[in-house]
Amino acid sequence: MHTNSLSTSENQILEKLLEEVKTNTDYFMGYPVSKDFNYTELMPFMEYPMNNLGDPFVPSTYAVGSREIEKEVVQFFAELFRAEPHDWWGYVTNGGSEGNLYGLYLAREIHPKGMVYYSEATHYSVQKNLHLLNMSNIVISTQDNGEIDYEDLENTIRMNRHMPVIIMANIGTTMTEARDDISKIKLILKKLAIKHYYIHADGALSGSYSALIEPRPAFDFADGADSIAISGHKFIGSPMPCGVVIAKKSNRDRIARSVAYIGSMDTTISGSRNGHSPLFLWYTIKKLGIAGLKDRARHCLETASYAEQKLKEIGIPAWRNTNAITVNFPEPGLKIRQKWQLAAEGGWSHIICMPNITKTQIDQLIQEIITSKATIPTL
Ligand SMILES: *Cc1c(COP(=O)(O)O)cnc(C)c1O
């Protein structure tokens with residue numbers, strides 16, 4: 001017989017899952033996700049079907065949402081990324097991948113015959129997005145640190161210089177947190193006299209704090225980006241994946257017009273949109289302010305520097321990019337990688353020193369690496 005409550009065994013499933021989530025969160029060092037948030041004050045909103053349907057800047061008749069707060073979040077990042085005061089637009093996405101898809105979509109609408117260039121260290125989702133959008137593209141090689149090879153980029157663009165150029169620049173690559181320098185890319189375009197181009201910055205990983213560190217990396221609108229995507233659940237922290245995309249309003253208007261032509265004012269990728277996630281981003285932005293966010297970034301960099309130092313002290317050739325919170329080192333044993341959820345690629349692994357990572361956790365990891373080395377059987 002069906003009752004209106006969960007059975008004992010169903011309740012046990014939830015309890016077990018909660019335990020698992022808690023434990024796994026404690027040993028979480030390999031993926032760039034913050035978990036130090038406390039959004040208890042926002043819990044009452046979980047009782048409502050919040051939905052920011054469509055364009056945040058165009059009122060909707062569906063009124064159970066957080067559009068005003070979403071617009072504040074967009075404005076915060078537009079200003080942080082030095083967009084032209086009256087030429088920005090954006091929305092809170094489901095994550096960095098959607099923001100990157102949006103940037104490429106805008107680029108394609110503006111340059112339908114463009115060629116997309118991106119480095120081999122680019123996030124795996126970008127290739128799929130290019131496939132979805134059916135855009136011609138060329139992969140550029142990377143330098144050892146994961147940054148795009150500017151010489152290869154220049155030579156490759158030169159060979160295709162009759163086509164508009166669309167650049168997908170990495171502001172923090174997934175494996176080594178390398179940043180492609182947008183001012184260097186602009187110089188190449190100038191040198192080759194490329195008139196038609198679009199630059200999208202994939203700042204999913206480190207876009208949000210790149211604006212808060214010195215020296216400021218060349219990545220934003222003032223440096224030449226036409227759109228920037230970030231993830232919200234990474235540096236800022238959110239219980240559900242989310243992100244923000246900022247674009248030039250003038251470019252978004254072109255899409256709005258072309259869609260209005262078929263009778264719709266739809267400017268976002270999905271129709272129904274998460275009305276809760278803007279609340280989490282807004283809450284942290286308001287609570288910390290620029291000064292608090294800067295402290296947060298500084299703390300991450302300090303932990304990363306500590307981890308790099310400690311690994312080197314035990315003879316492990318750890319390294320990291322300038323102002324990066326990702327520490328790279330030769331991949332440790334499977335047991336350690338599983339426990340701390342460390343990704344690995346081509347023999348290298350990394351820890352990402354998100355705000356919640358403590359020196360105590362680093363020490364614990366170091367201790368486990370020492371122990372594992374001592375127990376490796378020697379022949
Ligand atoms: C995380 C990440 C993405 C994807 O962002 P999601 O928020 O996971 O969709 C894209 N690019 C880079 C460099 C990333 O680190």
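Which helix holds I370? The place of I370 is helix α11, which covers residues 359-374. The model described here is a predicted one.

## Overall build

The protein chain contains 11 helices and 10 strands. Its radius of gyration is 22 Å, close to the 21 Å that the globule rule gives for 379 residues, so the chain is as compact as a globular protein of that length. Taken along the principal axes, the box filled by the C-alpha atoms is roughly 65 × 65 × 45 Å.

Of the 379 residues, 51% count as buried. Contacts between residues at least 6 apart in sequence can also be sorted by separation: 70% of them join residues at least 24 apart.

## Surface and charge

The accessible surface of the protein chain comes to about 18500 Å². Carbon and sulfur atoms account for 55% of that surface.

The chain carries 38 positive and 42 negative side chains. The centres of these two sets lie 4 Å apart.

## Helix α3

Helix α3 runs over residues 96-110 and has 15 residues. From its first C-alpha to its last it reaches 21 Å, close to the 21 Å expected at 1.5 Å a residue.

Of the 15 residues of α3, 11 are buried, so this helix is largely enclosed by the rest of the structure. Among the buried residues are the glycines G96, G99 and G103. The buried set also includes E98, N100 and Y102, as well as L101, L104 and L106. A107 and I110 are buried too.

H276 is placed in the loop between α8 (249-260) and α9 (277-313). The relative accessible area of H276 is 11%, which is under 20%, so this residue counts as buried. Leaving aside neighbours within four places in sequence, the contacts of H276 are F45, M46, Y48, M50 and M240.

I370, in helix α11, has a relative accessibility of 34% and counts as partly exposed. How far apart are the C-alpha atoms of I370 and T156? They are separated by 45 Å, and the two residues are 214 residues apart along the chain.

## Backbone exceptions

Most residues other than glycine have a negative phi, and most peptide bonds are trans.

The peptide bond from E214 to P215 is cis, with omega near -10°. P215 is found in the loop between α7 (207-210) and β6 (227-231).

## Two residues with positive phi

E177 has a phi near 55°, a positive value in a residue other than glycine. The loop that holds E177 lies between β4 (165-170) and α6 (182-191). Is E177 buried or exposed? With a relative accessible area of 0%, E177 is buried.

Q341 is not a glycine either, yet its phi is positive at about 55°. Q341 lies in the loop between α10 (334-340) and β9 (344-345). At a relative accessible area of 21%, Q341 is partly exposed.

Definitions and conventions:
Residues numbered from 1 in each chain as written. Predicted model: local features only at pLDDT ≥ 70, side-chain atom pairs only at ≥ 80, totals over all residues. Heavy atoms only, no water. Helix = DSSP H or I, 4+ residues; strand = E, 2+ residues; numbered from the N terminus. Rg over C-alpha atoms; globule rule 2.2 N^0.38 Å. Buried < 20%, exposed > 50% of the residue type's maximum accessible area, 1.4 Å probe, protein only. Contact = heavy atoms within 4.5 Å. Areas by Shrake-Rupley, 256 points an atom, 1.4 Å probe, with all protein chains shown as cover. Lys, Arg positive; Asp, Glu negative; His and termini not counted. Charge placed at Lys NZ, Arg CZ, Asp CG, Glu CD. Expected span 1.5 Å × (residues − 1).
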